[in-house]
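Me: I would like to go through this structure by question and answer, with the cut-offs spelled out as the terms come up. Please keep to what can be computed from the atoms.

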Amino acid sequence: MRQSLLGRGMITLAATAVLAGGAVVTAPAASAVGSSKCNWDFSNVQFDVVQKAALRTGPSTKYSSKGTLSKGTKFYYYCEYKKGSTTWIYGKVQSGAHKGAKGWAYGKKIGLLK
């Protein structure tokens, strides 16, 4: 199989960084995480669920629930959808019953880890 020039360039970049003693950390763009609803990317931040929250398939209570996130659940933030004063956060669950699942949570129920 032939690799694209971009693919070979990324592999070369990653290998060079590792050999130099560094690490390559990339954050996915909103489109890469499967959501066209994002209107603000804010990656590489881990949040804590501060109040029981539903993990949803989209940024609204109109979307179906994928399950409930308990207080204290770790949530990795990819991007958000803001409309007026309402914020929904798209991310990946890092702990608890739904570990590994991706989805949307209401922003007021997610808090920044200190």
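Me: Is S60 buried or exposed?
Reply: This is a predicted model, in which local features need pLDDT of at least 70 and side-chain atom pairs count only at pLDDT 80 or more, while totals for chains, interfaces and linings use all residues. Residues are numbered from 1 along each chain as its sequence is written, and side-chain values use heavy atoms, with hydrogens and water left out. S60 sits in the loop between β2 (53-56) and β3 (65-69), where strands (E, at least two residues) and helices (H or I, at least four) are DSSP runs numbered from the N terminus. Buried means under 20% relative accessible area, exposed over 50% and partly exposed in between, with a 1.4 Å probe and protein chains only, so at 17% S60 is buried.

Me: Which residue has its backbone nitrogen 3.0 Å from a polar atom of the S60 side chain?
Reply: A polar contact is a pair of N or O atoms within 3.5 Å; within protein, one must be able to donate a hydrogen and the other to accept it, and residues adjacent in sequence count only if both atoms are side-chain atoms. The backbone nitrogen that lies 3.0 Å from a polar atom of the side chain of S60 belongs to K62.

Me: How many helices and strands does the protein have, and in what order do the elements run?
Reply: The secondary structure comes to one helix and seven strands. Read from the N terminus on, the order of the elements is α-β-β-β-β-β-β-β.

Me: Which residues is L69 in contact with, leaving aside its neighbours within four places in sequence?
Reply: Contact means heavy atoms within 4.5 Å, and L69 is itself one of the residues of the largest nonpolar core. With the neighbours within four places set aside, the contacts of L69 are V49, K52, A53, L55, F75, V93 and H98.

Me: How many bridges join β4 to β5?
Reply: Two strands pair if DSSP finds at least two bridges between them. β4 and β5 form a hairpin with two residues between them, and G84 in the turn has a positive phi of about 65 degrees. One of the bridge pairs is Y76 with K92 in β5. The strands run antiparallel, and the number of bridges joining them is eight.

Me: Is E80 buried or exposed?
Reply: The side chain of E80 meets that of K82 in a salt bridge, at 3.9 Å from N to O. K82 counts as partly exposed, because its relative accessibility is 46%. E80 has a relative accessible area of 9%, so it is buried.

Me: Where is T87 found, and is it buried or exposed?
Reply: T87 is found in strand β5. Among its contacts beyond four places in sequence are E80, Y81 and A105. Its relative accessibility is 18%, so T87 counts as buried.

Me: How far apart in space are K108 and Q51, C-alpha to C-alpha?
Reply: K108 lies in the loop between β6 (102-106) and β7 (110-112), and it is exposed because its relative accessible area is 61%. K108 and Q51 are 57 residues apart in sequence, and their C-alpha to C-alpha distance is 8.3 Å.

Terms used:
Core = buried A, V, L, I, M, F, W, Y, C linked by side-chain atoms within 4.5 Å. Salt bridge = Lys/Arg side-chain N within 4 Å of Asp/Glu carboxyl O.
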